[in-house]
Amino acid sequence: MPSGMSLIVKTVTRLVASFIVLFGVYVALYGHVSPGGGFAGGAIVAGGLILVMLAFGRRQTRNMFTHGMALGWDCGGALAFVAIALLGYLAGDFFLNFAGHGDPYRLASAGTIPLSNAAIAAKVGAGLFGVFLALAVFRPGQRQEGEQ
Amino acid sequence: MDPIMWLLLALLAFMIIGALIAAETEDLLSSVVCVGAVGAGLAIIDLFLGAPDLAITQVAVEVLCVVFLIRVVLTRRDETHETHKDTLAIGSVVLVLGVLLVLGGWAMTTLHPFGEPLLASADPGVAGQYLAGGLEQTGAANYVMAVLLDYRAYDTLGEATVIFVSIIGAYAILRKTGRVHHALGNEPDR
């Protein structure tokens, strides 16, 4: 896909992509109040990024989305999840929900659960997008950017 | 029988037909589309069984998988090749699968009836305690998340580790292919 898809696809993508990513973030952050959660939200965010990449083509999006970025978010999300688990030791136990529970049905409730959801969303979204990047962009006999 | 049950059976039949077509068709692209149809049927079944969390995840992941597979099918060559049929191998595989099927069906008869899981019926059971004290103990209104990220967060950590390792592994394998061709000085063939 050297130059992306047609003008219609590009225009619709321009209008829609940010809302898809926003919906993914909403599904992830409100996972403890409504159906959803980090895994689904991350997958939706990855879908939005993949839409942008397919519509505009490899050449235009090469500098926006790099392998280093995908790997960094993937590892960062995983480390954040483990860090939340280890922070439970502050209050006494592994994975203890140490933060205050707050009012139920609010965004700021349920202690560490929204934080874990955000970490998992970053991990899953970046991971799925990274796999797509690897399948779509890696070509035999070509060195990629972001690859040391 | 419950009308929902008929709908679920119809969806199940649809999924089975889709899976059979996906396995049998010659064209890789139609096979991928049929795999997507199976996933969509599963998502609808999840909705009717009252599992919206699963349905959302299933839809999102299924769409991504179909996009991945179509992308791969369109750009990579079809490198499958048919070998001659080995009757002994096929026969033994069928025999083993048949024995497993019979034993599995036998084991199914000891399960609780569909829709009445064991955890719900045990009197001071774990599930009852989750439902009774979940909102108070975790503060999460969505009990699925309360179980996933609070009561059973350790399981979720293992699941996240599996995804992480598989993604890193896929990354490493795909990158190595590029490097080998680079080292051999081969021209990119597409």
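## Basis of the model

Helices (H or I, at least four residues) and strands (E, at least two) are DSSP runs, numbered from the N terminus. From the N terminus on, chain B runs α-α-α-α-α-α-α-α.

This is a predicted model, in which local features need pLDDT of at least 70, side-chain atom pairs count only at pLDDT 80 or more, and totals for chains, interfaces and linings use all residues. Residues are numbered from 1 along each chain as its sequence is written, chains are lettered from A and ligands numbered from 1 in the order in which they are written, and side-chain values use heavy atoms, with hydrogens and water left out.

## The two chains

Chain A has four helices and zero strands. Its pattern along the sequence is α-α-α-α. Chain A has 148 residues, and 49% of them are buried. Buried means under 20% relative accessible area, exposed over 50%, and partly exposed in between (1.4 Å probe, protein chains only). The accessible surface of chain A is about 6,900 Å², with 69% belonging to carbon and sulfur atoms. Such areas come from the Shrake-Rupley method with a 1.4 Å probe; for residues, only the protein chains shown count as cover. Take the contacts in chain A between residues at least 6 apart in sequence: 67% join residues at least 24 apart. Contact means heavy atoms within 4.5 Å.

Chain B has eight helices and zero strands. Of its 190 residues, 24% are buried. Chain B exposes about 13,100 Å², and carbon and sulfur atoms supply 72% of that. Among contacts in chain B with a separation of 6 or more, 41% are between residues 24 or more positions apart.

## Helices α1 and α2 of chain B

Helix α1(B) spans residues 3-24, and helix α2(B) spans residues 28-48. Their axes come within 8 Å and cross at roughly 160°. Axes are lines fitted to C-alpha atoms, for helices over the stretch in contact, and angles run from 0 to 180 degrees between N-to-C directions. The two helices are therefore roughly antiparallel. Angles under 35 degrees count as roughly parallel, over 145 as roughly antiparallel, 65 to 115 as roughly perpendicular and the rest as oblique.

The contact includes Leu7(B), Leu11(B) and Phe14(B) of α1(B), and Val38(B), Leu42(B) and Ile45(B) of α2(B). By class it holds 18 nonpolar, three polar and no charged residues. Ala, Val, Leu, Ile, Met, Phe, Trp, Tyr, Cys and Pro count as nonpolar, Asp, Glu, Lys and Arg as charged, and the others, Gly among them, as polar.

## Helices α6 and α7 of chain B

Helix α6(B) (residues 126-138) packs against helix α7(B) (residues 143-151) at about 70°, with axes 10 Å apart. That makes the pair roughly perpendicular. Among the contact residues are Tyr130(B), Leu131(B) and Leu135(B) of α6(B), with Tyr143(B), Val147(B) and Asp150(B) of α7(B). The contact has seven nonpolar, four polar and one charged residues.

Lys123(A) sits in helix α4(A), residues 113-137. Is Lys123(A) buried or exposed? Lys123(A) is buried, because its relative accessible area is 2%. Leaving out residues up to four places away in sequence, Lys123(A) touches Trp73(A), Asp74(A), Gly77(A), Ala78(A), Ala160(B), Ile163(B) and Phe164(B).

Val124(A) is also in helix α4(A). Val124(A) is buried, with a relative accessible area of 2%. With residues up to four places away in sequence not counted, Val124(A) touches Phe39(A), Gly42(A) and Ala43(A). The C-alpha atoms of Val124(A) and Ile44(A) are separated by 9.8 Å, and these residues lie 80 apart along the chain.
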